[in-house]
Amino acid sequence: MMLFLCLVSIFSVHAQDSKPIIKDIPDVYLALNQNYSISCETNVTWPITWSKVNGVVTNNNIGKLVIINMKASDAGVYTCKVQNPLNSMESSDKSFTLHYVDSLKWIEIPKSSEVIANQNFSWTASIISPSDKINFVWLKDGNIMEKIKSEENIEGAKYSSRLLFKNISIEDFGKYRVIVENMVISGVAYDMSLKVKSAPYVEIEDGTEIKVKEGESISITCLVNAYPIPFISWSKNETIISIEKKPISSKNEWRFKYVLPIKKLKKKNVFVCTGNNSIGSSFASIIVNVDVPATKDSTIAAVVAVSVFFLLVILFLVIFYFKYKDTLFIHLKPIAENGQFYTDLIVEEKKFSDLHELENNPHSIKKNINISIRRNVRATIKQPNKDESGASKRLLPSIKREQQSQENHSARLGSLICQGKSVEFKHIVFDEILGSGEYGHVSGGRIIDEGDPNMCKDVSIKMLHDNASAETYRDMLNELRMMRRVSRHPNVISLIGWCITDQNLYVLEEYAPFGCLLTFLRTQRLLRLRQENLEELPSEDQIDEKTLLSFSWQIASGMKHLAGLQIVHRDLACRNIYLGHEKVCKISEYGLTRDIYAENVYRKNTGGQLPVRWMAYEAIFESLYTEKSDVWSFGILLWELISLGKIPYPEIIRTEELLDVLESGYHMENPGHISTDFYLLMNSCWNKAPENRPSFSSLVKKLAEFMNDKDEMHVNLNSFFKKELDNFLQDEEVSSLTTDFHKISPFDNLPV
């Protein structure tokens, strides 16, 4: 039996400016003898009436419809109507269907889906059933999902379950099933699949470092989690040696295995496996050490050599002591309460006047530095003085040599940095090591949000080696201080934060998922020269002339920003540019960056290898660095871009020869596949007089004009590849040059 209850309401009649609005009424599903009430919600207080198609509704001036003891004859289409009692033309109505449920039936079924990782996603399953106590069971790959987040809902005879995925990951990839059951129904199921698009996650099966015997042949296995299927590039000592588009095997649709066979190793090598797909890229590296067995004669020779060396050192120290004992003194500081002492470093610099040292080490320019240690009772900075030869001496700030507590480190950092975010060590998650240098290494990782443990931010983490010196530690702090001065810019790698512990200093930087620009350019060149099937690559993974012009404009924009902050980079090159999301160029590597705010010039006084192929004339011969020396390096970078990662001055092998031709005014010629205007712009960056070089502001403006120029093609890659392809089989790469252009810095050529 169905009863219609009446809720009497008192209303006031007034004129309406618009047609009344009634909220939508969803369809209702009821089983035998179920009770339910339906409201007609409107924005006016006019009388409400209910009617039924091909049926009768009594007391039809009621605002709410109540159904008691549902039966089959009650099913049908019902209409709620609102009408102005003073004007019958002003009215609105809304209908819904009341269903009589006598059997189980699906009314909402989850559909197979394909989503991108790190997004929120949900499936909803709904059925109607005359039986109560319905239970939903979700399965993944045939296994019941025990720990899931779902929402259950019951409306009359309609039962729904919503399966929620928060920050969906590639591990959620698989085949799913939803089963409906109760005491009467043994189980009604529906199947669907979920595919999660994700950038590659790469790992080497054997770890990060192994040792093999000399002449032994091995295989390196690269495991990649990704969808769509990635293509893999293998590199050996930074030179690409193989590209694989199909895996050896796959455990499922997103877990793949690639194998690189290596024959007869004779020396230490670094192998890198890089995975790329349309979503992003990542890589993993492994160091293969070769254990060379020592012969009896070589062992004896080594012992004799070491013994002779130590005898010479002792003899030198004795002679040095008696010659300089009047000027050399060591005073021990009385033990402080925390057992620490301070050490002052006195640095004596000698002038560099010839190229003999370049002959011995042609890829670097060094200055001789003598360091003596003086321990004083007071940790103060002495005034500069001069020795008998007149060479200048400079007393560096005192450095705490012993371990310090985290609180003391933070206090010292506070004196260097005006503002910034310190991150607690417990909130940092370390992933695989991305690369390693002489003084430290870079690891991928994440920062966990303090307020929500489920939220995290990808970062790259710089850290020092365990045996890093106090001088290296101070350089790291100076680098951190410099990065704090650099305000955010889309084309400059951002500093996220830092963490200081008793054991190390961690610098947390923005993560660039597409890696180093130099590697990207060389991969593109190798694919084209080997005539790979580029149609299989996604369009966003291919390069063209517009992309190169866009890269050059972005880098110039980032350098304009740094120059505006009175900061000179000193190592601007494609190896220090990284590709962020959507392949946005980002300037990185501030290990050599210096503040030139005071005098607009920085003079390098310390030793160390230098990237001479990218350096300006005055930087090489006078150790002077300004914004205009960075402009020279930017011109070399443009040459790298249009040659897709070739080494500058490729026709010149030895650095001493390069210095001679630069001093004579030599510049690289037009390669032939760029416009005259583009070459003139590039050549203007190499003017011997710094004041005659363009500023980064003018470079940004000029490159923007090139990008918008529809009348002339400023870079012709087809012409470039046609010329390169003729010589490719004879000479793919002059690999010996790769050791000729690197620098020594705390993090040499590491990915970010």
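I started with Glu 640, which is found in helix H8. Helices here are DSSP runs of H or I with at least four residues, strands are runs of E with at least two, and both are numbered from the N terminus. The model is predicted: local features need pLDDT of at least 70, side-chain atom pairs count only at pLDDT 80 or more, and totals for chains, interfaces and linings use all residues. Residues are numbered from 1 along each chain as its sequence is written, and side-chain values use heavy atoms, with hydrogens and water left out.

Is Glu 640 buried or exposed? I noted 2% relative accessibility, so Glu 640 counts as buried. Buried means under 20% relative accessible area, exposed means over 50%, and partly exposed lies in between (1.4 Å probe, protein chains only). I then listed what Glu 640 touches, leaving aside neighbours within four places in sequence. Its contacts include Leu 518, Leu 521, Ala 573, Cys 574 and Trp 614. Gly 645, Lys 646 and Pro 648 are also among them. A contact is heavy atoms within 4.5 Å. Glu 640 and Leu 521 are 119 residues apart along the chain, yet their C-alpha atoms are separated by 8.7 Å.

Next, the whole chain. I found twelve helices and 39 strands. Of the 752 residues, 45% count as buried. Among contacts with a separation of 6 or more, 70% come from residues 24 or more positions apart.

Then salt bridges. The structure holds 20 of them. The criterion is a side-chain nitrogen of Lys or Arg within 4 Å of a carboxyl oxygen of Asp or Glu.

I looked up Lys 586 and Glu 510, whose side chains meet at 3.1 Å, N to O. This pair links distant parts of the chain: Lys 586 sits in strand E36 (residues 585–587) and Glu 510 in strand E33 (residues 505–510), 76 residues apart. Both residues are buried.

Glu 618 and Arg 693 form another salt bridge, at 2.8 Å, N to O. Glu 618 is in helix H7 (residues 617–622), and Arg 693 is in the loop between helix H10 (676–684) and helix H11 (696–708), 75 residues apart. Glu 618 has a relative accessible area of 7%, so it is buried. Arg 693 is buried too, at 3%.

Lys 702 pairs with Glu 705, the closest N and O atoms being 3.6 Å apart. Both lie in helix H11, three residues apart, about one turn of the helix. Lys 702 is partly exposed, with a relative accessible area of 33%. Glu 705 counts as partly exposed at 40%.

I also noted a salt-bridge network linking Lys 462, Glu 479 and Glu 509.

Last, the backbone. Most residues other than glycine have a negative phi, and most peptide bonds are trans. Which peptide bond is cis, with omega near 5°? I found the one from Tyr 227 to Pro 228. Pro 228 lies in the loop between strand E17 (218–227) and strand E18 (231–236). Asn 33 is not a glycine but has a positive phi of about 70°. Asn 33 lies in the loop between strand E1 (28–31) and strand E2 (36–39). Asn 167 likewise has a positive phi, of about 50°. I placed Asn 167 in the loop between strand E13 (158–165) and strand E14 (174–181). Its relative accessibility is 30%, so Asn 167 counts as partly exposed.
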